[in-house]
Amino acid sequence: MHIPDGYLSPATCAVMYGAAAPFWYVASQKVKKALSHRMVPLLAVFSAFAFVIQMFNIPVPDGTTAHATGAALMAIVLGPWAAVLGVSVALFIQAVFFGDGGILAFGANAFNMAVVIPLVAYTIYRALAGRAPVGSSRQWIAAAVAGYVAINVAALAAAVEFGIQPALFRAADGTPLYSPYGLSVAVPAMMFAHLTIAGFAEAVVTGGAVAFLQRAMPHLWQAEAVETEAAA
Amino acid sequence: MKRHTVLWIGLAVLAVLSPLGLLAPGTAWGEWGAEEFQDMLGYVPQGLERFAEFWRAPLPDYAIPGLGDVPGYILSAVVGMGLVVLATWGLGRVLARQER
């Protein structure tokens, strides 16, 4: 889901920077208010986790690959706004140092993976987990479902960004200037990879990590949950 | 940091296991390079060709020059996580409220 440079027109890239910017601003304000120095190492750990889990490419039956993002997990544990910042940083390092995702396309990639996934995942998690006690299976199941749905919403957003390019931008000879595949190709392809593979990868990562944290670090979990509420 | 030792150990384990991600053949949908477009379409979209090299990353595809795929990928995971930790730690320290 890391859109490289050249796939989106410069105009689309500018729009997507504009779409991400207000979320970066709100996130910095919310984090400023709610994040304590004690939680900074956790912000670093979960951001680094998002970076490394995205290196685990998984084969998709159509010959492409996909991966989990770790963004849903971070939103559930540290709150959606901390996740907006943490995942954005991970994506930025990937783009600048490793060429994974473009620089012009960074706004789009951040919007899809660092804004859509955390906000969707957190909303679904809160709705499904309700006031279930820490350690209950309802919590990790809610986390898994939230991860599955959130990464698929993000994949749909990316597919639309890819898919509108050939309709909007063509060279003088009529060939597509940027991503050549329209919505009728991009949407099914992206959704196939994420509904069949990446969604389950995100579900396993999110649900599994939540189940682990509940048992291994219940105090951390409760303490963070309180601050998460404050940050949401 | 001590309270979270198990989490840092987990990250180290993931770095060592990361080359499993190299086993998957092919490229993610929509992340092809210019050569792959030449093969798939018979041409490279003009705008795509123009902007594809907008930025030259020092370590493209998580490969480290002079190292094999597997050690390069592991070292990339370590370097990348190190950079993420530095950046988020700095950002967090700047933004986080003072303890009361």
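Let's start where the two chains meet. Here, 60 residues of chain A are in contact with 53 residues of chain B. Keep in mind that this is a predicted model.

Which elements of chain A supply the side that touches chain B? At least two residues each come from helix 1 (10-34), helix 2 (40-53), strand 1 (58-59), strand 2 (65-66), helix 4 (80-98) and helix 8 (183-216) of chain A. Helix 2 of chain A gives the largest share, with 12 residues.

Now chain A as a whole. How many helices and strands does chain A have? There are 9 helices and 2 strands. Read from the N terminus, the order in chain A is α-α-β-β-α-α-α-α-α-α-α.

Next, overall dimensions. The radius of gyration of chain A is 18 Å. The globule rule gives 17 Å for 232 residues, which is close, so chain A is as compact as a globular protein of that length. Along its principal axes, the C-alpha trace of chain A spans about 65 × 35 × 30 Å.

Two last points on packing. Of the 232 residues in chain A, 62% are buried. Then take the contacts in chain A between residues at least 6 apart in sequence: 75% of them join residues at least 24 apart.

That's the tour. Over to you.

Terms used. Residues are numbered from 1 along each chain as its sequence is written. Chains are lettered from A and ligands numbered from 1 in the order in which they are written. This is a predicted model: local features need pLDDT of at least 70, side-chain atom pairs count only at pLDDT 80 or more; totals for chains, interfaces and linings use all residues. Two residues are in contact if their C-beta atoms, placed from the backbone, lie within 7 Å. Helices (H or I, at least four residues) and strands (E, at least two) are DSSP runs, numbered from the N terminus. The radius of gyration is taken over C-alpha atoms; the globule rule is 2.2 Å times the number of residues to the power 0.38. A residue is buried if 20 or more other C-beta atoms lie within 10 Å of its own, exposed if 12 or fewer, and partly exposed in between; C-beta atoms are placed from the backbone.
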